[in-house]
Amino acid sequence: MSDSLAPEKRGTARVEFSRGVDVHMVAIDGTWSRQCQMTDVAEAGAKLKVEGSIKGLALKEFFLLLSTTGAAFRRCELAWINGDYIGVHFLRAGKSSKG
């Protein structure tokens with residue numbers, strides 16, 4: 001028997017960060033923000049460890065700031081929540097979330 005993990009389901013490779021990369025989540029309308037760490041990233045999305053509570057936040061769609069100046073960012077939609085971690089899908093220009 002093998003102790004290996006289940007096969008990867010993503011269509012593209014992901015990059016894991018051993019210490020996480022500091023990033024910042026910001027509401028589309030600017031009403032809230034949260035510090036977080038990106039623990040892995042792929043072309044289509046990322047896994048984030050959020051600092052502080054996410055209860056009550058409108059997470060359906062938000063910006064993920066990848067630089068301190070805000071020059072590098074991705075528009076995201078929530079994919080899943082597991083404790084302090086969330087998964088996000090990156091939205092492409094011209095596309096909005098489903099529904």
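Visitor: Which residues are linked in a network of salt bridges?
Guide: This is a predicted model. In it, the side chains of glutamate 16 and arginine 14 meet in a salt bridge. Aspartate 40 and arginine 14 also meet in one. The network is therefore Arg14, Glu16 and Asp40, given that a salt bridge needs a nitrogen within 4 Å of a carboxyl oxygen.

Visitor: What is the N to O distance between aspartate 40 and arginine 14?
Guide: Their side chains meet in a salt bridge. Aspartate 40 sits in strand β2 and arginine 14 in strand β1, 26 residues apart. The N to O distance is 3.1 Å.

Visitor: Is aspartate 40 buried or exposed?
Guide: The cut-off for buried is under 20% relative accessible area. Aspartate 40 has 4% relative accessibility, so the residue counts as buried.

Visitor: And glutamate 16, buried or exposed?
Guide: Glutamate 16 meets arginine 14 at 3.8 Å, N to O. Arginine 14 counts as partly exposed, at 32% relative accessibility. Exposed means over 50%. Glutamate 16 has a relative accessible area of 57%, so this residue is exposed.

Visitor: How many salt bridges does the count come to?
Guide: Two of them involve arginine 14: one with glutamate 16, one with aspartate 40. Another joins arginine 92 and glutamate 43. The count comes to 4 salt bridges.

Visitor: How many residues apart in sequence are the parts tied together by arginine 92 and glutamate 43?
Guide: The side chains of arginine 92 and glutamate 43 meet at 3.6 Å, N to O. Arginine 92 lies in the segment after β6, and glutamate 43 in the loop between β2 and β3, so the pair ties together parts of the chain. Both residues are exposed. The parts are 49 residues apart in sequence.

Visitor: How many bridges join β1 to β2?
Guide: These strands run antiparallel. In all, β1 and β2 are joined by 9 bridges.

Visitor: Which residue takes a positive phi in the hairpin of β1 and β2?
Guide: The hairpin has 5 residues between the strands. The positive phi is near 80°. The residue is glycine 30.

Visitor: What is the bridge partner of alanine 27 in β4?
Guide: β1 also pairs with strand β4, residues 61–65. That pairing is antiparallel, over 4 bridges. In β4, the partner of alanine 27 is phenylalanine 62.

Technical notes: Residues numbered from 1 in each chain as written. Predicted model: local features only at pLDDT ≥ 70, side-chain atom pairs only at ≥ 80, totals over all residues. Heavy atoms only, no water. Buried < 20%, exposed > 50% of the residue type's maximum accessible area, 1.4 Å probe, protein only. Helix = DSSP H or I, 4+ residues; strand = E, 2+ residues; numbered from the N terminus. Pairing = 2+ DSSP bridges.
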